[in-house]
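Please look over the sequence and the model before reading on.

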Amino acid sequence: MARIKVGINGYGTIGKRVADAVMLQNDMELVGVSKTRPDFIARMAVSKGIPLYVPEGHEERFEAVGIKVSGTIEDLVSKVDVIVDATPGGIGAQNKPLYEKHNVRAIFQGGEKHDVTGFSFNAYVNYNEAKGRRFVRVVSCNTTGLLRALYVINDLYKIKEAFAVIVRRAADPADDKAGIINTLEPSIPVPSHHGPDVRTVLDVPIETMAIKTPTTLMHIHALHVRTEKTPNREKLIEELSKYRRILLVSKDLGIKSTAKAIELARDLGRKRYDIYELVIWKDSITVKGNDIYFYQAVHQEAIVVPENIDAIRAMFEVADKDDSIEKTDRSLSIGDMSI
Ligand SMILES: NC(=O)c1ccc[n+]([C@@H]2O[C@H](COP(=O)([O-])OP(=O)(O)OC[C@H]3O[C@@H](n4cnc5c(N)ncnc54)[C@H](OP(=O)(O)O)[C@@H]3O)[C@@H](O)[C@H]2O)c1
């Protein structure tokens, strides 16, 4: 069977990771990526052999600094089966008419509104519902993290209500334009948008509040979940540990912070220290009656990468849910961080 031709519009934090992941799949071909600025990232893409596409009329800016351009973004769109749009939030919606014009499928990211596609995706929760769709939105990093944990709990004990406090990293490590210093910024209005975003994928009653913090490594969520059936702590841990995209860590082994989780990824040789897994502190999991409490951490730059790969397979109906997830996980060594 022919490989699925993939283009990445927006080769930034998410786009470059998805591009690398696409290159690891034997059923996909990376046709090219796009950049608007002729910087070192554009140069690196070309030096890795990835064809680079730029906005029309900007070719000279790139060629003036010796960066080879393979065409315009529209040229890229015309050559692919699917575009993964990883442009900054809001730009994806503006790009949608271009994808429609060329009759290509497209995946948008969590910075776009649910309405842009009318369908939001998480591989564990609704892989099968993505089958055959033209437009899919992969939800944000925080929403992906919440969904992975809530999916397992809901399946076991049926969630009656959930509440999460999200302690958000202020900026990504490479983001030298954004960020806050020496302050904490509560997200107002309350509740935050993350609860409704979870409900675009999984129908559970959840509310969230968020606080931006001056850190770049990961987000942390403090969760309280009340269930219909009475949970059992050991059983819950046993079930969570069956999912490769959930990594249970322990404070006893010294992983007591996001810094230490990242250090684990570094020591294991993960590219860009990416943690695709949702990290849950096993020893934080506390059950009192029908109430479950725990902490989890999300590596915002990486957690949505496997979801984008599975979304492609689901849209083209080339693999069943479990097969796609397993193939993606194997290609990215997801699950190998178990300690
Ligand atoms: N970063 C995260 O933590 C994270 C996590 C989950 C989901 N997301 C979502 O993923 C999407 C991308 O975020 P990101 O953090 O990867 O952004 P980013 O690092 O700023 O990268 C955006 C990319 O899009 C390109 N771009 C900028 N303006 C463009 C335009 N008008 N048309 C085409 N390309 C343009 C940029 O190219 P130039 O640099 O050349 O301008 C850059 O390559 C957003 O929806 C975001 O909400 C982000």
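## What covers helix α12

Among the elements that cover the buried residues of α12 are α1 (13-23), α6 (123-126) and α11 (305-316). The structure is a predicted model, and the description below should be read accordingly.

## The helix itself

Helix α12 spans residues 321-332, twelve residues in total. From its first C-alpha to its last it reaches 17 Å, close to the 16 Å expected at 1.5 Å a residue.

Five positions of α12 are named as buried: Ser324, Ile325, Thr328, Asp329 and Leu332. Viewed down the axis of α12, these buried residues fall within an arc of 125°, so they line one face of the helix. In general, an α-helix has 3.6 residues a turn, so residues three or four places apart point the same way. On the face of α12 turned away from the buried side are the exposed residues Asp322 and Asp323. Just after the helix, Ser333 adopts a positive phi of about 55°.

The protein is divided into domain 1, made up of 4-139 and 304-332, and domain 2, which covers 141-298. The centres of the two domains, taken over C-alpha atoms, are separated by 26 Å. Domain 1 contributes 17 residues to the contact, and domain 2 contributes 16 residues.

On the side of domain 1 that touches domain 2, at least two residues each are supplied by α1, β7 (120-121), α6, α11 and α12. By class, this side of domain 1 has eight nonpolar, six polar and three charged residues.

## The surroundings of the ligand

The ligand is surrounded by 26 residues, of which the closest are Gly10, Gly12, Gln109, Gly111 and Gln300. Helix α1 gives the most to this shell, with three residues. Sorted by class, the shell around the ligand has seven nonpolar, 14 polar and five charged residues.

Ala149 is found in helix α7, which runs over residues 141-157. Is Ala149 buried or exposed? Ala149 counts as buried, because it has 22 C-beta neighbours inside 10 Å, and the cut-off for a buried residue is 20 or more.

Not counting residues up to four places away in sequence, Ala149 touches Leu223, Leu278, Ile280 and Gln296. Ala149 and Leu278 are 129 residues apart in sequence, yet 8.1 Å apart in space, C-alpha to C-alpha.

Methods. Residues numbered from 1 in each chain as written. Predicted model: local features only at pLDDT ≥ 70, side-chain atom pairs only at ≥ 80, totals over all residues. Helix = DSSP H or I, 4+ residues; strand = E, 2+ residues; numbered from the N terminus. Expected span 1.5 Å × (residues − 1). Buried ≥ 20, exposed ≤ 12 C-beta atoms within 10 Å, placed from the backbone. Arc of directions from axis to C-beta. Contact = placed C-beta atoms within 7 Å. Domains from an automatic or database assignment. Nonpolar A, V, L, I, M, F, W, Y, C, P; charged D, E, K, R; others polar. Near = placed C-beta within 6 Å.
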